[in-house]
Amino acid sequence: MIELIKDIEFEPFLISFKLAGITTFILFFISLPLAWYLSQTKSKIKPFLEAITALPLVLPPSVLGFYILWALSYNSPIGIFFEENFGIKLVFNFYGLVIASCFYSLPFMVQPMQSGLESLNKNMLEASYISGKSKIQTLFRIALPNMKPSLITAIIVTFAHTVGEFGVVLMVGGSIPGETKVASVAIYEFVEIMDYTNAHIYSVIMVILSFLTLLGVYIFNGKQKKLTGLDR
């Protein structure tokens with residue numbers, strides 16, 4: 001067993017973690033103002049925006065991956081713009097994976113944040129406004145410190161979900177060793193060539209990491225509830 005572990009190529013896991021880290025970082029700054037707006041607005045377009053945000057949850061990854069691939073391809077306006085101005089090709093490389101992952105993991109960051117913001121005491125926010133604080137100051141000084149469980153859940157679940165992506169990253173990034181070959185794609189390739197030993201090892205590692213991630217979320221949220229007295 002030790003010899004098998006020594007022979008494992010850990011590069012796909014490193015690429016998965018790198019992709020998840022960058023995606024989570026980007027989505028945090030994209031999702032925070034969006035979640036704040038959705039939690040505070042009474043506009044008629046709110047259901048429309050919520051539906052668009054949640055669309056990756058119900059769309060087949062192949063459909064989402066196909067349209068992202070089409071939008072970023074060499075012949076698309078976006079693909080042509082980046083290639084001509086920055087010399088960057090957005091498909092079958094790491095840049096494309098980051099863009100695709102941001103689309104695919106968006107609801108996993110937005111929805112916990114929105115729920116946390118909506119659960120805040122409205123009187124506390126109103127008091128902040130009355131004291132002269134702006135919406136931005138209220139968000140960062142009042143709202144975020146009082147929604148730590150939702151914030152941590154959003155970050156960790158987004159990271160874990162990105163690590164486990166398969167369909168979208170395979171369509172947009174392919175399987176280029178050292179560039180776009182993430183752990184989930186490596187498992188798929190092991191199964192294709194009937195190398196079930198390595199497929200089992202990679203899968204067990206993914207199961208353990210996923211379990212530990214979720215366990216950490218539940219333990220943290222449980223401690224926060226005890227601190228705030230919400231478990232009484």
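In helix H3, a kink of about 35° lies at Ile52, shortly before the proline Pro56; the bend at a residue is the angle between axes fitted to the seven residues ending there and the seven starting there. The model is predicted, with local features requiring pLDDT of at least 70 and side-chain atom pairs counted only at pLDDT 80 or more, whereas totals for chains, interfaces and linings use all residues. Residues are numbered from 1 along each chain as its sequence is written, and side-chain values use heavy atoms, with hydrogens and water left out.

Helix H3 comprises 13 residues, 46-58, and reaches 19 Å from its first C-alpha to its last, close to the 18 Å expected at 1.5 Å a residue. The expected span is 1.5 Å times one less than the number of residues in the helix. Lys46, Thr53, Ala54 and Pro56 are the buried residues of H3, where buried denotes under 20% relative accessible area, exposed over 50%, and partly exposed in between (1.4 Å probe, protein chains only). The cover over these buried residues includes H2, helix H4 (61-72) and H6.

The secondary structure of the chain amounts to 12 helices and 0 strands. Helices (H or I, at least four residues) and strands (E, at least two) are DSSP runs, numbered from the N terminus. Along its principal axes, the C-alpha trace spans about 65 × 50 × 30 Å. Of the 232 residues of the chain, 38% count as buried. The chain exposes about 13500 Å², of which carbon and sulfur atoms supply 68%; accessible areas were computed by the Shrake-Rupley method with a 1.4 Å probe, and for residues only the protein chains shown count as cover. Among contacts (heavy atoms within 4.5 Å) with a separation of 6 or more, 72% are accounted for by residues 24 or more positions apart.

In soluble globular proteins, nonpolar side chains tend to be buried together. A nonpolar core is defined here as a set of buried Ala, Val, Leu, Ile, Met, Phe, Trp, Tyr and Cys residues joined through side-chain atoms within 4.5 Å. The largest such core has 29 residues, and those with the most contacts inside it are Leu19, Met113, Leu117, Leu139 and Val182. At least two residues of this core are supplied by each of helix H2 (11-40), helix H6 (94-118), helix H8 (135-143) and helix H9 (148-163). H6 contributes the largest share, 9 residues. Not counting residues up to four places away in sequence, Val182 touches Pro12, Ile15, Ser16, Leu19, Leu97, Glu165 and Val169. A second, separate core of 12 residues includes Ile8, Ala183, Tyr202 and Met206.

Thr138 is located in helix H8 and counts as buried because its relative accessibility is 0%. Its contacts, not counting residues up to four places away in sequence, are with Trp36, Leu125, Ser128, Tyr129, Lys133 and Ala143.

Most residues other than glycine have a negative phi. Phe92, although not a glycine, has a positive phi of about 55°. Phe92 is found in the loop between helix H5 (77-86) and H6, and at 39% relative accessibility it counts as partly exposed. Met194, likewise not a glycine, has a positive phi of about 60°. Met194 lies in the loop between helix H11 (183-192) and helix H12 (196-228), and its relative accessibility of 61% means that Met194 counts as exposed.
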